[in-house]
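Work through the exercises below with the structure open. Try each task before reading its solution.

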Amino acid sequence: ILSRLGAASLTIVRERAMSVPAVLSQSDQDHNVSSDAPSDVPNRLIVVSNQLPIIAARKTDDNGMSFWDFTWDESSIYMHIKDALPAALEVFYVGALRADVGTTEYNDVSKTLLDRFNCVASVSFLRGLQDPANEKRDLERSIEIKIKASGIHVGQMESYLSQPDTRLKIQELKKRFEGKTVLLGVDDLDIFKGVNFKVLAMEKLLKSHPGSSWLGRAVLVQILNPARGRGQDVVEINDEIRTICVRINTELGSPGYQPIVFIDWPISLSEKAAYYAVSEVAIVTPLRDGMNLIPYEYVVSRQGVDDPNANNPKKSMLVVSEFIGCSPSLTGAIRVNPWDVEDTAEAMFTALTASDLHKETVHLKHYHYITTHDVANWARSFFQDLEQTCIDHSHKRCVNLGFGLDTRVVLFDQKFSKLDTDILENAYSMAQNRAIILDYDGTITPSISKSPTEAVISLINKLCNDPKNMVFIVSGRSKENLGNWFSACEKLAIAAEHGYFIRWASDQEWEMCARENSVRWMEMAEPVMNLYTEATDGSYIEKKETAMVWHYEDADKDFGSDQAKELLDHLENVLANEPVAVKRGQDIVEVKPQGVTKGIVVEKIFAFMSEKGKQADFVLSVGDDKSDEDMFVAIADGITKGQITNNNSVFTCVVGEKPSAAEYYLDETKDVSTMLEKLGHLSNQG
């Protein structure tokens, strides 16, 4: 994901995986930072990848002193991102350096990388990015995730082909393989690249078609890039490949002919381009891989073959593993299961014997796709989406929250501020028809496991006894619990189970706010929840009339969070065809009927007050979690619809400083209690 927020940004790009955008920003003493960048500060893009696009090599100077030599890795796709971005955009890279740097050298190396390459070497990857669901919960911000296959730097490949040394190498290779048909493999030395299976498939090809004259004519050139890691597995696969190649060449070779040409020393990109250019077929058959751009490089190189007759159509053929990322984009390639040696051998034979017209058609299709979906297109696509996503960030402010490793930067609307109780009390005193809508857990009580205290009951009754007030408790709790807990509050209206049940006063019956739904899904959900309850110490299940909740607030924080993520996925799969919604909240995973939200309760309250001729001229709504956001949105809609007579007396408030649809916040539940006490005191005075 490429992300830019205001003057500074954090871009996260990871091979084989998507990632999450965040913000880097300096803070002042109040921890507030405007996202409006000064005109003299350039925009910055920070690319965070698993590895820096840097090649590090140990060298020795004339005096015998050892030093580090750093150069750009021209083959890294991350390095070429900046080629597609505005020139004024300053690009920084953060990631691991592919070298073992001693602790005494780290400071010097870090300074060199930053000063010369705008690179920051990280000791470990960013904390907490494994689970996108965690990011959405922890960072409290919207996260855009985009998946798009990357491309190659077409211009770079074409420049290699036009270099004099590449042209000379092409002529040298044409002469060397004159009368032969070259198949090419380019792979890293790795157990997952399937090189051992590939050379066995070449052997099978030559033995299976003895009368086709490919024996003595077909040559597999296998370029083996140096291993990126170390270990016994690397040594063993290298020995195995060498042994197979020697055996095949001994058995099937002849004077002037070797079926396998094995290149296991480092070669330059220009030399590699020359091999691409003279090869009729490219064989890219890893057992498992990421994107793998070798096929793209091959096709572009075949287009640039130095042909005396420039009008001759270009040709290329590809045999690719079905387990690599680029496979779906190469619709003309022959796909194989690389574990199946016979299947791969037949695919190689098909590629060799294809008609020229077919080779030309396939090449043209692939070349058009590759040149129109290059790395510049890839980077621009992310950047444009980023610009659109962040279009309103200039109207927001950045705030640093937390300390140390828990520090995060979040975005708030400019109007979002701490609730000024003086303004609230003044509006309350002047109003005649007030709607007070309160969440329960985490709002008027600090714990989700306790019944209300006598003090809470007392302040609720003070507010309810004021004839100008309609007071509502809107909670996810069951109607039995809420009815029993607030039995002493005769005039209190209650919405239970997120609004599925509503009671307008203690002497009235409960009514359903939504149509009655079957709860047969509970028979499917309960066994799944039981599995996770047994495996997670401190967790328990709360079964309501229309919903089920798995609580883990008393479990180990990290383990409980991981279990909640798994349970959420498990329930979504099991209940995919049921009319329910599976949601994750503050230390809970809840299953409830679809379409039941606290926003529906707000709409009913406004409608009820209008029917009684008491259209609200003061609204106070307080909540603390995601489910309460529906209340805040519904209240904003009520303003638009004209259901509230005084728009200046609307106070939506979230508990805790965090991004919200509410306009105000209070720090904790005791601040909510203090505020309600003041309002109750004003009612008694009135």
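**Exercise 1. Charges over rings**

Which ring does the charged end of Arg-217 sit over, and how far is it from the ring centre?

Solution. The model is predicted: local features need pLDDT of at least 70, side-chain atom pairs count only at pLDDT 80 or more, and totals for chains, interfaces and linings use all residues. Residues are numbered from 1 along each chain as its sequence is written, and side-chain values use heavy atoms, with hydrogens and water left out.

Step 1. Apply the test: a charge sits over a ring if NZ of Lys or CZ of Arg is within 6 Å of the ring centre and within 35 degrees of the ring normal.
Step 2. The ring is that of Trp-214, and the charged end of Arg-217 is 4.0 Å from its centre.
Step 3. Look also at Arg-434, which lies over the face of Tyr-428 at 3.7 Å from the ring centre.

**Exercise 2. Aromatic pairs**

Find how many aromatic pairs the structure holds, then classify the pair Trp-378 and Phe-382.

Solution. Step 1. Rings of Phe, Tyr and Trp (its six-membered ring) pair if their centres lie within 6.5 Å; planes under 30 degrees apart count as stacked, over 60 as edge-to-face and the rest as tilted.
Step 1. The structure holds 16 such pairs.
Step 2. The ring centres of Trp-378 and Phe-382 are 5.6 Å apart and the planes stand at 80°, so this pair is edge-to-face.
Step 3. Trp-378 and Phe-382 are four residues apart in helix H11 (residues 375-389), so about one helical turn separates them. Helices (H or I, at least four residues) and strands (E, at least two) are DSSP runs, numbered from the N terminus.
Step 4. Both Trp-378 and Phe-382 are buried. Buried means under 20% relative accessible area, exposed over 50%, partly exposed in between (1.4 Å probe, protein chains only).
Step 5. Ring pairs also link Tyr-428, Phe-618, Phe-651 and Tyr-664 into a cluster.

**Exercise 3. A covered helix**

How many of the ten residues of helix H8 (residues 294-303) are buried?

Solution. Step 1. Nine of the ten are buried, so H8 is mostly covered.
Step 1. Among them are Tyr-296, Glu-297 and Arg-302.
Step 2. The partners of the buried residues include H3, H7 and helix H10 (356-372).

**Exercise 4. Positive phi**

Is His-498 buried or exposed, and what is its phi?

Solution. Step 1. His-498 has a positive phi of about 60°, although it is not a glycine.
Step 1. His-498 is buried, at 7% relative accessible area.
Step 2. Compare Asp-587: its phi is about 65°, again positive in a non-glycine residue. Asp-587 counts as partly exposed at 26%.

How values were computed: Contact means heavy atoms within 4.5 Å.
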